[in-house]
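Here are my notes for when you go through this one, as promised. Have the viewer open while you read.

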Amino acid sequence: MQDSTSSAVRLFRREAASRVLGPGTRAVLWVQGCSLACPGCLVPQSWPLRRSDTLEMSVQEVSQWLLSIPEIEGVTLSGGEPMQQAGLLAEVLRQVRPHRDLGVVCYTGYRYEALRLPSQKALLEHVDLLIDGPYRQDLHADLLWRASSNQRLLCLTNRYVLPADRSAGLEWSFQPDGRMAFAGVPPWPDYVASLS
C-alpha cells in the first residue's frame with residue numbers, strides 16, 4: 001500500500017457539482033494514481049502516478065477551489081485511489097472544514113480494516129461515508145453509489161442516513177479540453193467498452 005510523499009495533490013479530474021457520487025450536490029476530486037488496477041475499472045486512465053494531463057495542485061489550491069464552490073453539500077474523493085494520497089487529502093480537508101461544514105464521501109479499493117497507515121487514519125477522521133472494497137466486475141450490481149456488491153457503504157459519522165439501495169444514475173459533462181466525461185456508477189459491467 002503506497003502513500004504519496006509528493007507535496008502536490010495529483011488529480012485525474014475534478015467536478016464542481018455532481019449529484020451521483022454521494023448525497024446532495026457535491027464537488028468531486030478524482031485523484032491520479034492507483035496500484036490496485038481492478039479489472040473492469042471505469043477510469044483505468046487514473047492508474048498511473050502521472051500522465052501528461054495530470055493536474056497537480058497544492059493543498060492550499062485544492063482547499064481554495066473547494067471553498068470557492070457555492071451551494072455544495074460536500075466533497076467526494078474518488079480515483080485513482082484516494083488512500084494512496086491520504087496525507088495530502090487529509091490536509092485539504094483540515095484546511096476546508098473550519099470554513100465550511102462539508103460532508104465527505106471517500107471511495108477506496110481497500111477494505112476499511114486494512115487502512116492502518118497514520119496518513120490513512122488522518123483522512124478517515126474527516127470522512128463521513130466510506131465506500132470500501134475493490135471493484136469486482138463479476139459482482140457488478142445496480143447499487144447506490146457503488147458498482148459491485150462486495151463494496152460497502154460505511155457511515156463513519158451520523159451525518160448521513162442512507163436512502164434506498166439503488167443506483168443514483170449517471171451525469172455527463174464537457175471537460176475543458178472539449179471531451180465528454182461521465183460521473184456515477186453505470187448499471188451494467190463493461191460500460192466503458194460499450195461506449196467504443
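**Notes on the predicted model**

1. Let's start with a salt bridge: the side chains of Arg97 and Asp128 meet at 2.8 Å, N to O. Keep in mind that this is a predicted model. The pair ties together distant parts of the chain, 31 residues apart. Arg97 lies in the loop between H2 and strand E5 (103–108), while Asp128 lies in the loop between helix H3 (118–124) and strand E6 (129–132). Are the two ends buried or partly exposed? Arg97 counts as partly exposed because its relative accessibility is 26%; Asp128, at 6%, counts as buried.

2. That pair is one of 12 salt bridges in the structure. Another joins Arg50 to Glu56, with the closest N and O atoms 2.6 Å apart. Both partners count as partly exposed: Arg50 has 45% relative accessibility, and Glu56 has 37%.

3. Then look at Glu15 and Arg13. They form a salt bridge too, the closest N and O atoms being 3.1 Å apart, and here Glu15 and Arg13 are both buried.

4. Which residues are linked in a network of salt bridges? They are Arg26, Glu73, Asp101 and Arg159. I'd bring up those four side chains together in the viewer.

5. Now the sheet. Seven strands make an open sheet with mixed pairing, and the order is E3-E1-E2-E4-E5-E6-E9. The edges belong to E3 and strand E9 (152–155); each has a single partner strand, so one side of each has no neighbour in the sheet. From one strand to the next, the twist averages 30°.

6. For a look at one pairing inside that sheet, take E5 and E6: they run in the parallel sense, joined over four bridges. Tyr107 has Ile131 in E6 as its bridge partner. As background, strands of a sheet pair through backbone hydrogen bonds, either parallel or antiparallel.

7. Which strands does helix H1 (residues 59–67) touch where it packs on the sheet? It touches strand E1 (8–18), E2, E3 and E4, and the direction of H1 makes about 90° with that of E3. H2 packs on the sheet as well, touching E1, E2, E4 and E5. The direction of H2 makes about 50° with that of E1.

8. A few backbone details are worth a look before you set anything up. A cis peptide bond joins Gly79 and Gly80, with omega at about 15°. Gly80 is found in the loop between strand E4 (74–78) and helix H2 (86–96).

9. Two residues other than glycine have positive phi. For Ala37, phi is near 50°, and the residue is in the loop between strand E2 (26–31) and strand E3 (55–58). With 32% relative accessibility, Ala37 counts as partly exposed.

10. The other case is Trp145, where phi is about 60°. Trp145 is in the loop between strand E7 (140–143) and strand E8 (146–148). Is its side of the story buried or exposed? Trp145 counts as buried, because its relative accessibility is 5% and the cut-off for buried is under 20%.

Methods: Residues numbered from 1 in each chain as written. Predicted model: local features only at pLDDT ≥ 70, side-chain atom pairs only at ≥ 80, totals over all residues. Heavy atoms only, no water. Helix = DSSP H or I, 4+ residues; strand = E, 2+ residues; numbered from the N terminus. Buried < 20%, exposed > 50% of the residue type's maximum accessible area, 1.4 Å probe, protein only. Pairing = 2+ DSSP bridges. Axes fitted to C-alpha atoms, helices over the stretch in contact; angles between N-to-C directions. Contact = heavy atoms within 4.5 Å.
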